[in-house]
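Biologist: Could you show me the structure, please? I would then like to ask about the aromatic rings and the surface.

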Amino acid sequence: NRSSDLPYWVSSAMDFLKKWPHGDPEECGFTLPIYDGFEKDVLMAVGDYFRSLSQPLIPSSMFDLHRAILGSIQRGKTTSNQALQLASLLLPPQNRAQLLYLFTFMG
């Protein structure tokens, strides 16, 4: 379960936002205070969580690798799926799981 690598409140907030605005707020397992702008506040809290991590999900030691992959994608030498799959194998397991959950959320 990818969400088990995140605090419960973060995965619940992301699940809630995936269903916004057509989902039932009570599906999250608790009652939410719905008000104008609530979804923006939830998104800000999720963003704050990821910004507050002591280490980035993609370590700085892998920056050059990811920059090279981006260049390869832009030149059409590889697909983004191939490149991301290969690069993700080099990440620490918890980072990989959190990043996958984040990408799934964003997709």
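Predicted model: local features only at pLDDT ≥ 70, side-chain atom pairs only at ≥ 80, totals over all residues.

Modeller: Residues are numbered from 1 along each chain as its sequence is written, and side-chain values use heavy atoms, leaving out hydrogens and water.

Biologist: How many aromatic pairs does the structure hold?

Modeller: There are 2 aromatic pairs. The ring centres of Trp 9 and Tyr 49 are 6.0 Å apart with planes at 85°, so this pair is edge-to-face. Rings of Phe, Tyr and Trp (its six-membered ring) pair if their centres lie within 6.5 Å; planes under 30 degrees apart count as stacked, over 60 as edge-to-face and the rest as tilted.

Biologist: Which parts does that pair tie together?

Modeller: Trp 9 lies in helix H1 (residues 8-19) and Tyr 49 in helix H2 (residues 38-51), so the pair ties together parts that are 40 residues apart in sequence. Helices (H or I, at least four residues) are DSSP runs, numbered from the N terminus.

Biologist: Is Tyr 49 buried or exposed?

Modeller: Tyr 49 is buried, at 13% relative accessible area; buried means under 20%, exposed over 50% and partly exposed in between (1.4 Å probe, protein chains only). Tyr 49 also pairs edge-to-face with Phe 50, at 5.1 Å centre to centre and 75° between the planes.

Biologist: And where is Met 106 found?

Modeller: Met 106 is in helix H5 (residues 93-106), and its relative accessibility of 58% makes it exposed.

Terms used: Helix = DSSP H or I, 4+ residues; strand = E, 2+ residues; numbered from the N terminus.
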